[in-house]
Amino acid sequence: MSKTYSFSQVASHNTKQDCWVAVNGQVLELTHYLQDHPGGELAIINFAGKDATAEFNMFHPPGVISKHAPNTVVGKLNGRDSFKAKLASSKPSGCFSFLGSVCSK
C-alpha cells in the first residue's frame, strides 16, 4: 500500500536538494532524477513542491513514469488535496489581477 501525502507535505519539498512534485495524483521524489531528466533539471525544479499535472501531461505520454522512473513514486496525493491541485493547475499560469486580468503566455 502506498503512502498518502497532503499537498502541504509535498509543498515543503521545494528545492533542488529536496524536490517532490505531484503528477496525476502521484507524489514523485525527483531529487536524484533531476540530472537524468531528458528535458533538463530546470523543467522539474520549476515545479518543485507543486502539482505539475497539466504541464506534465502536455509533454509526456501516459505511462512514462512507470516505464522510465517508477522508483520516483513515493506515494499518492490525498484525494481532497489532489482535487484542489487539479483545480489550481487548470488555471492559466502567469495570470494576475491588477485593475483587471492580465495573462501572459
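**Exercise 1. Which residue in β5 is the bridge partner of Lys-3, and in what sense do β1 and β5 pair?**

Step 1. Work on the predicted model. In β5, Lys-3 has Gly-75 as its bridge partner.

Step 2. β1 covers residues 3–5 and β5 covers residues 73–77.

Step 3. Read the sense. β1 and β5 run parallel, with three bridges.

Step 4. Look at Gly-75 again. Val-27 also stands opposite Gly-75 in β5. The strand pair here is β4 (residues 26–29) with β5, antiparallel over three bridges.

**Exercise 2. Work out the strand order of the open sheet and state which strands stand at the edges.**

Step 1. Strands of a sheet pair through backbone hydrogen bonds, in a parallel or an antiparallel sense.

Step 2. β2 and β3 are antiparallel over two bridges. Thr-15 stands opposite Asp-18 in β3.

Step 3. Write the order. The five strands form an open sheet, β1-β5-β4-β3-β2, and the pairing is mixed.

Step 4. Find the edges. β1 and β2 (14–15) each have a single partner strand, so one side of each is left without a neighbour in the sheet.

**Exercise 3. How many aromatic pairs are there, and which residues form an edge-to-face pair?**

Step 1. Count. There is one aromatic pair.

Step 2. Identify the rings. Tyr-5 and Trp-20 pair at 4.9 Å centre to centre, with 80° between the planes.

Step 3. Classify. Planes over 60 degrees apart count as edge-to-face, and the Tyr-5 and Trp-20 pair is of this kind.

Step 4. Locate the pair. Tyr-5 is in β1 and Trp-20 is in β3, so the contact ties together parts 15 residues apart in sequence.

Step 5. Check burial. Both Tyr-5 and Trp-20 are buried.

**Exercise 4. Which element gives the most residues to the largest nonpolar core?**

Step 1. Size the core. It has 14 residues. Those with the most contacts inside it are Cys-19, Val-21, Val-23, Leu-30, Ile-44 and Ile-65.

Step 2. List the elements. β3 and α4 each give two or more residues to this core.

Step 3. β3 gives the most, with three residues.

**Exercise 5. Describe the largest pocket by volume, lining and residue class.**

Step 1. Volume: about 410 Å³.

Step 2. Lining: 21 residues, with Tyr-33, His-37, Ile-44, Phe-56 and His-60 nearest the centre.

Step 3. Elements: β3 (18–23), α2 (41–45), α3 (53–59) and α4 (64–68) supply at least two lining residues each.

Step 4. Class: 15 nonpolar, five polar and one charged.

Definitions and conventions: Residues are numbered from 1 along each chain as its sequence is written. This is a predicted model: local features need pLDDT of at least 70, side-chain atom pairs count only at pLDDT 80 or more; totals for chains, interfaces and linings use all residues. Side-chain values use heavy atoms; hydrogens and water are left out. On a 1 Å grid over the protein atoms alone, a cavity is a set of points where a 1.4 Å probe fits but cannot get out, and a pocket is an open set with protein on both sides within 12 Å along at least five of seven lines; lining residues have an atom within 4 Å of a point. Grid points are joined across faces, edges and corners, and a volume is the space filled by probe spheres set on the points. Helices (H or I, at least four residues) and strands (E, at least two) are DSSP runs, numbered from the N terminus. Ala, Val, Leu, Ile, Met, Phe, Trp, Tyr, Cys and Pro count as nonpolar, Asp, Glu, Lys and Arg as charged, and the others, Gly among them, as polar. Two strands pair if DSSP finds at least two bridges between them. Rings of Phe, Tyr and Trp (its six-membered ring) pair if their centres lie within 6.5 Å; planes under 30 degrees apart count as stacked, over 60 as edge-to-face and the rest as tilted. Buried means under 20% relative accessible area, exposed over 50%, partly exposed in between (1.4 Å probe, protein chains only). A nonpolar core is a set of buried Ala, Val, Leu, Ile, Met, Phe, Trp, Tyr and Cys residues joined through side-chain atoms within 4.5 Å.
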